[in-house]
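Let's take a walk through this structure together. Keep the 3D view open and follow along one piece at a time.

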Amino acid sequence: MARIMVVEDDVLINELIVKNLELVGHTCLHAFDGALALEQLHCHPVDLLILDVMLPGMSGFDLIKKVESTPVIFLTARKDLDDRLHGLSLGADDYIVKPFAMPELLERVKAVLRRTKRDENFFRIGTLAIDFERQQVFRDGKQIELTAKEFAVLDLLVTNRNITLSREKIIDSVWGYAFDGDTLRVVDVYIQQLRQKLQLKEQIRSVYGMGYRLEI
Amino acid sequence: MKKSFFEKSYLITLLLFLILLNGGILTLAVYTYHSNTDAAKKVCRAEQFCIAEAFEQDCRNKSEEDIYLLQVSFGSFYGQKGIGLSFAANGKPCFSNIPSEYRLPEAGNLLIETYSGKRILMISETVCDGNYILSYAKDVSYLDEELRHLIVVFVLLSVGVSALLSVLLYFVQRKLYLPLKKLQNVTREVARGDFTSRADETGRDEFSDLARDFNRMTDTIREQMSQLKLAADQKQQMLDNLAHEMRTPLTTIHGYAEYAFGVQLSEEERMKALRAIMSETMRLKSISTVLLDSAFLRENEIECKPLSIGALLQRCVQRLDRIARERKCTLCYTGGNFALMGEETLLEELVSNLVENALKACSEGGLVELGVLETQEARGFFVRDTGVGMTKEQLLHITEPFYRTDKARSRQFGGTGLGLALCKRIAEAHGATLSFTSELQKGTTAYVMWASTEQTQA
């Protein structure tokens with residue numbers, strides 16, 4: 001998993017992001033202002049920088065110019081398009097507008113890490129190996145056939161492992177359309193399929209009244 | 001069809017002028033004709049009288065035959081001068097060289113008649129004690145000639161003057177109308193929203209007065225519009241800031257709620273998440289309280305009571321001393337006192353806010369002093385700290401809502417970013433001014449001062 005530094009001056013938000021990243025297996029550093037972040041980066045290079053634009057002392061835009069080799073996701077409270085364009089033209093890999101939901105942030109972290117090849121495209125659960133690049137799953141070297149949607153649900157569970165995902169969230173992320181009472185049950189069907197095919201009855205837990213969680 | 005004011009005024013003036021001019025010319029023509037005719041009549045009467053006299057003299061003591069011969073000689077003599085004569089005795093015509101179709105008037109009358117295109121003036125008078133009637137006839141066609149001539153002259157005159165007049169009038173009126181036209185153009189530009197266009201104020205007539213008034217009007221409107229725009233901009237800025245300020249606590253609240261919801265947490269972690277949610281909720285609450293207070297101050301008159309500023313400052317020092325000690329700073333009151341009219345809780349809020357800001361600016365071991373300041377022009381109180389200080393640029397903005405000199409530092413202490421904006425409003429509501437002096441790394445002093453002319457005495 002990746003080493004990520006969170007640079008955000010709001011202590012509570014900083015801690016929250018770190019906690020969530022650690023839950024899905026990343027190692028985190030944190031800094032509350034630009035100068036300190038730069039200092040730490042010299043000793044501890046990281047795979048990804050999550051950077052607030054509005055920082056005391058040195059703005060996120062100033063900081064990114066000095067750490068060109070590191071991938072960056074900007075956090076911004078400003079919705080101005082100018083800011084986003086500015087962020088991206090400076091070489092940021094992505095941005096996310098506050099207020100954001102954690103699964104959204106995790107999704108982008110995963111995407112950036114894969115794009116920049118900083119994250120291995122293999123994930124192992126016991127004897128199960130998941131190849132994200134080829135979208136294939138193996139147990140003891142033998143391939144298990146999954147449909148595209150099944151794989152997408154698995155991918156989402158792995159990305160947000162140890163975090164409960166509501167059915168709404170899963171529908172929204174995988175199918176990407178508005179849901180109603182009936183379509184929510186589709187999720188249950190897919191989860192059953194995954195549990196059976198991958199023999200992950202224990203690991204994919206139903207959280208009563210909330211949704212599902214992959215526990216590792 | 002719509003006619004412009006210019007057209008109307010031009011046409012009406014021209015019409016009136018033409019009627020009067022031609023009426024005058026016509027009257028003059030008629031008058032001239034009549035006076036010419038009268039003159040002709042007088043001349044004829046005089047001539048006729050002369051002939052009658054001469055005839056009477058010549059025919060005195062003459063026989064009837066001689067008289068007839070006399071009549072013939074008179075007739076031929078005056079006939080050469082173009083005057084026809086006719087004599088009649090006792091109703092019977094004697095001699096006449098007047099054409100017989102002419103109907104002669106009764107004795108003593110004058111008649112002008114037209115016969116075969118000629119104007120003939122005829123006079124009949126009795127002569128020789130009523131024995132004869134002498135009729136006189138003369139061709140006065142020249143009067144008609146004169147009249148025709150007169151008419152031609154007058155018509156030419158009328159046409160010439162009218163044409164000249166209409167042209168001159170057009171230019172004169174257009175010149176007079178020009179300022180109105182210009183003013184109209186400016187009005188249209190202003191109506192389209194261009195408040196910078198100005199009317200031409202040159203001249204000293206009603207149009208220039210109107211132009212001046214119009215310019216004053218646009219100036220006033222422009223001024224008021226810019227004031228409104230400024231106020232609207234400030235409100236928009238404030239709203240933008242508010243939205244921004246609310247988003248941060250919302251991100252935190254949502255994030256921690258999601259975290260507590262979706263992750264299996266230890267009891268300790270759960271408490272931590274809940275505390276974070278609560279503290280951010282409090283921040284939102286204090287933002288809304290301060291906004292409501294500001295709104296209240298804006299909408300309502302404050303109730304002033306006499307109070308002592310010294311006592312108020314001392315009370316604040318006592319109340320805030322605990323916070324100062326927590327931050328390992330010293331808070332003290334340096335003395336001084338005067339009485340003023342004010343709302344006690346609001347003024348305490350003002351002092352508390354200033355002191356809290358001062359404490360935030362100080363590091364450990366800092367000093368915050370409160371005291372009364374009296375000069376010749378003004379008096380009031382100050383809050384002085386030995387903190388980090390501010391730049392001139394920062395000083396300009398600190399009373400703006402949500403302005404923070406140091407975002408991280410201020411947030412750390414749970415500031416709303418609205419404190420000084422509220423302070424400014426409280427000071428203004430009391431007729432005082434809030435000002436600051438500051439030096440980087442040396443400290444900041446806040447002054448709340450009442451000008452001496454203000455009625456602050458209890």
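**A tour of two chains**

Start in chain B, where B:Tyr115 has B:Lys118 of strand S4 as its bridge partner. Helices and strands here are DSSP runs, helices being H or I with at least four residues and strands E with at least two, numbered from the N terminus. Before going on, note that this is a predicted model: local features need pLDDT of at least 70, side-chain atom pairs count only at pLDDT 80 or more, and totals for chains, interfaces and linings use all residues. Residues are numbered from 1 along each chain as its sequence is written, chains are lettered from A and ligands numbered from 1 in the order in which they are written, and side-chain values use heavy atoms, with hydrogens and water left out.

Back to that pair. For two strands to pair, DSSP has to find at least two bridges between them. Zoom out and you'll see an open sheet of 5 strands in chain B, antiparallel in its pairing, with the order S2-S1-S5-S4-S3. S2(B) (92–96) and S3(B) (110–115) stand at the edges with a single partner strand each, so one side of each has no neighbour in the sheet. On average, neighbouring strands of this sheet are turned by 25° against each other, direction ignored. Angles like this run from 0 to 180 degrees between N-to-C directions, using axes fitted as lines to C-alpha atoms (for helices, over the stretch in contact). In a regular strand, side chains alternate between the two faces of the sheet.

Now look for the helix that goes with this sheet. Helix H2 of chain B (residues 64–80) lies across S1(B) (83–89), S2(B) and S5(B) (132–139), and runs at about 160° to S1(B).

Further along chain B there's some parallel pairing to find. S7(B) (residues 330–333) and S9(B) (residues 367–374) pair in the parallel sense over 4 bridges, and B:Thr330 has B:Leu367 as its bridge partner in S9(B). S9(B) also pairs with S10(B) (residues 378–385), this time in the antiparallel sense and over 7 bridges. In that pairing B:Gly371 stands opposite B:Phe382. S9(B) and S10(B) make a hairpin, with 3 residues between them.

Hop over to chain A. Here 4 strands form an open, antiparallel sheet in the order S6-S7-S8-S9. Its edge strands are S6(A) (122–125) and S9(A) (142–144), each pairing on one side only. The twist averages 30° from one strand to the next. S8(A) (residues 136–139) meets S9(A) in the antiparallel sense over 3 bridges, and A:Val137 has A:Ile144 as its bridge partner there. Helix H6 of chain A (residues 148–159) packs on the sheet, touching S6(A), S7(A) (128–131) and S8(A), and its direction makes about 105° with that of S7(A).

Chain A has a hairpin as well: S11(A) and S12(A), with 3 residues between them, and in the turn A:Gly209 has a positive phi of about 75°. S11(A) (residues 204–207) and S12(A) pair in the antiparallel sense over 4 bridges, with A:Tyr212 the bridge partner of A:Ser206. S12(A) (residues 211–214) also pairs with S10(A) (residues 165–166), antiparallel and over 2 bridges.

So how do the chains meet? In all, 26 residues of chain A are in contact with 24 residues of chain B, contact being heavy atoms within 4.5 Å. The two chains bury about 2,200 Å² between them, 60% of it on carbon and sulfur atoms. Buried area is the accessible area (1.4 Å probe) that two parts lose on being put together, summed over both. A:Leu12, A:Leu16 and A:Lys19 supply 25% of the area that chain A buries against chain B, more than any other three residues.

There is 1 salt bridge between the chains (a side-chain nitrogen of Lys or Arg within 4 Å of a carboxyl oxygen of Asp or Glu). It joins the side chains of A:Glu15 and B:Lys272, at 3.8 Å from N to O. On the side of chain A that touches chain B, H1(A) (11–23) and H5(A) (102–115) are the elements that give two or more residues. H1(A) gives the most, with 7 residues.
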